[in-house]
Protein chains: 2
Amino acid sequence: MVREGRVSARDVAEHAGCSVSAVSLVVNGKDAGRISPELRERVLAAVTELDYRPNRSARSLVTGDSGTICVVLPDPANPFFGDVLAGLGAALGDEHTLALVLPTSGTDYDQRTVLRAYSLDPAGVVLISPGEPVLRGLVPRCPTLVVDAPGRTPPLPRVDLDTVAAGELISDHLTALGHRGFGYIGPKSDKPTFRTRREAFLDRVTGAEVLHTLDLPDWDPLAAAVTMASVLPGWLDSGVTAVVCADDLLGYGVLTALDRLGRSGVAVVGMGDLPFSQLCRPALTSVDFAGRRAGELAGQSLLSWISTGERPRRARVPAKLMVRASTEKG
Amino acid sequence: MVREGRVSARDVAEHAGCSVSAVSLVVNGKDAGRISPELRERVLAAVTELDYRPNRSARSLVTGDSGTICVVLPDPANPFFGDVLAGLGAALGDEHTLALVLPTSGTDYDQRTVLRAYSLDPAGVVLISPGEPVLRGLVPRCPTLVVDAPGRTPPLPRVDLDTVAAGELISDHLTALGHRGFGYIGPKSDKPTFRTRREAFLDRVTGAEVLHTLDLPDWDPLAAAVTMASVLPGWLDSGVTAVVCADDLLGYGVLTALDRLGRSGVAVVGMGDLPFSQLCRPALTSVDFAGRRAGELAGQSLLSWISTGERPRRARVPAKLMVRASTEKG
């Protein structure tokens, strides 16, 4: 059946031979005990046949729900994303539903995950730490804000972590301590956040005499520890005295590897400042990206965008170097 | 490209030069191993170019539910809940929307948070680690499954962690190592999960000669470390040789306090087996509650309940003691 224009609840009611309010009850899941199962079936058949889509904003006037905010993130088991999520939840409050759209497998999302978010007809979307292919293929269908995608990304409102400052702060700190031999470890990843962390560090350590880099295929700190236990001896022999990690999880792996190798006096720095970095021994020097604050800011900006129609400006959350025992002279 | 009327899957298929079912597979994330990466790229490009929006509401109306599963949890920044959430997300797949309903302030939820979840007209609700007042006031309005609320809770389907086995495993392990003086540290909390952890341990250590218990007002490992630094000397002087913690986060605090006090040879055990327990030094002996598995099982049971109408049975996920350096003789 082909129809002109948008299908309304009235069309569905006509087609099913019932009242508009019966359609509304079925569509909003309020029909139990109010209308017969036969009528419900007839309404659903008409809805399907006419491809009727209940108008969410009309419905929200009735239910008092001012809309769903879809949050797309790589992996809720990573504590950094947990922090961002907690900040987002606090900012959205109870006026909005926070729909979490996760990759159906693995620990990162792709374009299909984003399409799934838009298919929910949300009032707004937040994409956290997206990869390049996601950004390249992005066609925003509602106010869409990106958290942590520095660089040449589509002209979307963003809340960025200060990944460039991170690389510079770490380079300056280690250079001031007299280090001249460096190893840099990051994940194998197409994400702008990791590209800029790495570039900012490498651009800044101009005084390096030795410089190794390594991309690890895995996030798991224990897998990193195993790999590093075989890589580190060569690095240290060639003059590396400081190891910089694109993420604290990798930093824990390096500390574990050094411990197993019985090597001390090697400086280790992470990025992200997970809570455990204060507790491991040696405590891990790291850059605090203020993930919770980034989540709060993203939530506030998106809500203001939705209610005023004005696109928020880009924002960057300041980063801070937390100096701890892992970069003290051993 | 401008088109009249609504873009359909057929339009996308025509544009990409493929079948409608290929479009459906890609859009629903079911294409892995079924169509080539090249075709997948072509479909995604057509989807983007035509601004095709898969009709989610029609699909969910056909399946007879609103498609939304509300998950209520205390704090997404706690890695244990992140694990449960990852398991739930994997089980729900892309047929259902995972709406995350969080406390609007603080790190725990109350009855109002649960009412907010029901107000979204979800197909099902999952409550994770609820407190007693939440359980007492609960009036389920749709299939509602509780994760981690052992004891005399309302007669709802549950997936429990084996908190009783945890207390017993730890008691047996420490007693076999010759310990007779114990300290037990838990959070100040009304939650059944913490009451049973504590009771199971205390009921089992019948051979204890010295037994202290302490409720900490705070979850933060560093706050725990500060408190424990002043409490531990008294405990150790009175004969405590092993400290049992209701959660790994508190265990990290105890390890840090012992380190600062310069005391070694004290056994420490946690519960929850967070990833960092393998990495801290000494690595923390802990009970693995298999949070991700609990989340998966909860998601699967709830979906089966919703689709068949049959209430799932209670389930309990087996716990396992992970023995590490923190309970080796120092």
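**Labels and their cut-offs**

Modeller: Start with a contact: the side chains of Thr144(B) and Tyr118(B) are joined by a polar contact of 2.6 Å. This is a predicted model, where local features need pLDDT of at least 70 and side-chain atom pairs count only at pLDDT 80 or more, while totals for chains, interfaces and linings use all residues. Residues are numbered from 1 along each chain as its sequence is written, chains are lettered from A and ligands numbered from 1 in the order in which they are written, and side-chain values use heavy atoms, with hydrogens and water left out.

Biologist: What makes the link between Thr144(B) and Tyr118(B) a polar contact?

Modeller: The rule asks for a pair of N or O atoms within 3.5 Å; within protein, one must be able to donate a hydrogen and the other to accept it, and residues adjacent in sequence count only if both atoms are side-chain atoms. At 2.6 Å, the pair qualifies. The side chain of Thr144(B) also reaches the backbone oxygen of Cys142(B), at 2.7 Å.

Biologist: Why is Thr144(B) called buried?

Modeller: Buried means under 20% relative accessible area, exposed over 50%, partly exposed in between (1.4 Å probe, protein chains only). Thr144(B) has 0%, so it counts as buried.

Biologist: What makes the pair Tyr184(B) and Phe201(B) stacked?

Modeller: Rings of Phe, Tyr and Trp (its six-membered ring) pair if their centres lie within 6.5 Å; planes under 30 degrees apart count as stacked, over 60 as edge-to-face and the rest as tilted. Here the centres are 5.7 Å apart and the planes at 25°, so the pair is stacked. Tyr184(B), at 1% relative accessibility, counts as buried. Phe201(B), at 0%, is buried as well.

Biologist: How many aromatic pairs does this rule give over all chains?

Modeller: The count comes to 9. Phe80(A) and Phe81(A) form one that is edge-to-face, with 6.0 Å centre to centre and 70° between the planes. Both residues, Phe80(A) and Phe81(A), are buried.

Biologist: How do you know that the charged end of Lys191(B) sits over the ring of Tyr109(B)?

Modeller: The test is NZ of Lys or CZ of Arg within 6 Å of the ring centre and within 35 degrees of the ring normal. Lys191(B) is 5.7 Å from the centre of the Tyr109(B) ring. In chain A, Lys191(A) lies over the face of Tyr109(A), also at 5.7 Å.
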